[in-house]
Amino acid sequence: LIKIIYFMKKIISVLLIALLIDIILSNLIFKNTIYWSNSSWDQKWWRVSSKIYHHDILPNIDQVEEWGGKLRKRLITNSIGFRDKEIRKISKVNKTQKRILLIGDSFIEGAGLDFEFTLAGMLEKNLGDKFEVLNSAVGSYSPSIYYKKIEHYINEGFKFDQALVFLDISDIYDEMFIKFDPDGNILTYEETKKRPFHKKVFYSLGTFLRDNSTIFRFLNIISDRAELTKNYLKLKNKTSKDLKKSFLETKRDDVMFYRMTHVDRGFWTYNEQKFNEIQDGLLQSEKYLIKLFELLKSHQINSTLIVYPWPTQIFYGDKYHENYWRNFTKNNDINFLSIYDQFMGENKKDFIFKNFIYGDIHWNLNGTKLVNEKLIKSIIF
């Protein structure tokens, strides 16, 4: 037993020395090579928590940001942290231009797209110099965040002439997980998901080794790629069963289309059981949308609630989302616009591939153009 303990101590000592040498060489040499870079692990330090409205983007940022694993977009914010075409100072009052405020989540922020190809960029170009378009949208926002964020900027003295509020299908699901502090501010993710101390230590150590050791970095790369392959094969298996095709006959386009049309958070719009499960989210969404539109009205800001479909609704239909919010706006004297009619095509599969990011639910350039065209035709600016 003594020999075994002695032998184990020697092994541990050797491993620790090897790890120390690895960390030293990694920091002195390997970190300076192109092989070290892995943008999917880079911390997006410009995306931060907010003590008032959950999360935000820092002001005056100009970064190239990876999105969705393959796409890269240039992310620029202005002096108030809104996505913009350039870093610029935003005054509280614009005396020379009519100010249009966009409110929404990742669709309106512009997932995977450079600013000029986002809805804000297209509207700005189409509306011309008489208008200033301000895009307050950030991924994973929902009605309570819309309200708290816009309330904050209005209280700070910012003036807007018109607000377009885009209600995403996922917003209702997200609202079920929003929590508030005693002052009515939205708790951050860190505050609602506190990890035990031992888990914090474990994850911190893992991140340190991944970012400072070539050996552990290589093992993490292997692990990530194995996970991606496993997830793809699982998805391909589900697709083959859904299409009643053999696993080998199921093509990548089949898998990506299945992925685009089978997002759990979109099932509530046509499945009665799922619809019944999100009632709390609907009620909280209603509550904060009413507060938002009352706030906008009290400051003489013209406003419209806008809904749009995902690939899921285009392919399977929508029993609840569009009609629910049409009735809601009618009952609460709110302007309403549906963009569903823009997303119709004879061949639904081809239409979805043409207008959405491949393998994803967000609009691509073509899909964004469809939304822009509808707004230009339907909204009185």
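Partly exposed denotes a relative accessible area between the limits for buried, under 20%, and exposed, over 50%. Arg 74, at 44% relative accessibility, therefore counts as partly exposed in this predicted model.

**View 1. Salt bridge between Asp 62 and Arg 74.** The side chains of these two residues meet with an N to O distance of 2.7 Å. Asp 62 belongs to strand S3 (residues 62-67) and Arg 74 to strand S4 (residues 71-76), so the pair ties together parts that are 12 residues apart in sequence. Asp 62 has a relative accessibility of 35% and is likewise classed as partly exposed.

**View 2. Salt bridge between Asp 84 and Arg 88.** The closest N and O atoms of this pair are 2.7 Å apart. Asp 84 and Arg 88 are both buried.

**View 3. Salt bridge between Arg 99 and Glu 132.** Here the side chains meet at 2.8 Å, N to O. The pair links distant parts of the chain, with Arg 99 in strand S5 (residues 98-103) and Glu 132 in strand S6 (residues 131-135), 33 residues apart. Arg 99 is buried, as is Glu 132.

**View 4. A network of salt bridges joining Arg 47, Glu 65, Lys 73 and Glu 109.** Side chains of opposite charge can pair when their charged atoms come close. Across the whole structure, a search finds 19 salt bridges, including the pairs Asp 62 with Arg 74, Asp 84 with Arg 88, and Arg 99 with Glu 132.

Notes. Residues are numbered from 1 along each chain as its sequence is written. This is a predicted model: local features need pLDDT of at least 70, side-chain atom pairs count only at pLDDT 80 or more; totals for chains, interfaces and linings use all residues. Side-chain values use heavy atoms; hydrogens and water are left out. A salt bridge is a side-chain nitrogen of Lys or Arg within 4 Å of a carboxyl oxygen of Asp or Glu. Helices (H or I, at least four residues) and strands (E, at least two) are DSSP runs, numbered from the N terminus. Buried means under 20% relative accessible area, exposed over 50%, partly exposed in between (1.4 Å probe, protein chains only).
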